[in-house]
Amino acid sequence: KVTQKQINAFHAIIGIISEAGELIEEFVNSLVENRDFDEVNFIEEIGDLCWYQALGLRQVNGSFNEAMEKNIKKLKARYPDNFTSKSAVVRDLDAERKILEE
């Protein structure tokens, strides 16, 4: 049985995908049409992305702060010295998962 939480999370996921598509579309169109990038539209679409992210986080009782803190810890473990292409590919997913579950 599909729960309301799953429906709301799906809504958030589809919204994020749609808004990301609108960002790409604006960027590509500005290149193809040889015109300035629409910064006002960019900010508006980023705001829409934030709204959908907040909707998704709310479904799992999460927050932006929590998501960012966990992401930073994960990236520090993945790239202890600095980014390397090798570290981006060869990862300890179990260790990263443990960090995310803390």
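1. Ser30 counts as buried because its relative accessibility is 5% (buried means under 20% relative accessible area, exposed over 50%, and partly exposed in between, with a 1.4 Å probe and protein chains only). Ser30 is found in helix α1, where helices (H or I, at least four residues) and strands (E, at least two) are DSSP runs numbered from the N terminus.

2. The model is a predicted one, in which local features need pLDDT of at least 70 and side-chain atom pairs count only at pLDDT 80 or more, whereas totals for chains, interfaces and linings use all residues. Residues are numbered from 1 along each chain as its sequence is written, and side-chain values use heavy atoms, with hydrogens and water left out.

3. A polar atom of the Ser30 side chain lies 2.7 Å from the backbone oxygen of Phe27. Apart from neighbours within four places in sequence, Ser30 is in contact with Arg35, Asp36 and Phe37 (contact means heavy atoms within 4.5 Å).

4. Helix α1 comprises 29 residues (residues 4–32) and should span 42 Å at 1.5 Å a residue; its end C-alpha atoms are 41 Å apart, which agrees. The expected span is 1.5 Å times one less than the number of residues in the helix. After α1 comes Asn34, which has a positive phi, near 50 degrees.

5. Besides Ser30, the buried residues of α1 are Ala12, Gly15, Glu19, Leu23 and Glu26. The buried residues of this helix pack against α2 (39–59).

6. Ile7 also lies in helix α1. Ile7 counts as partly exposed because its relative accessibility is 43%. Its C-alpha atom is separated by 27 Å from that of Ile43, 36 residues apart along the chain.

7. Four aromatic pairs are present in the structure; rings of Phe, Tyr and Trp (its six-membered ring) pair if their centres lie within 6.5 Å, with planes under 30 degrees apart counted as stacked, over 60 as edge-to-face and the rest as tilted. The ring centres of Phe27 and Phe37 are 6.0 Å apart and the planes stand at 70 degrees, so this pair is edge-to-face. The pair links distant parts of the chain, with Phe27 in helix α1 and Phe37 in the loop between α1 and α2, ten residues apart.

8. Phe27 is partly exposed, with a relative accessible area of 43%, and Phe37 counts as partly exposed at 30% relative accessibility. Together with Phe42, Phe27 and Phe37 form one aromatic cluster.

Terms used:
A polar contact is a pair of N or O atoms within 3.5 Å; within protein, one must be able to donate a hydrogen and the other to accept it, and residues adjacent in sequence count only if both atoms are side-chain atoms.
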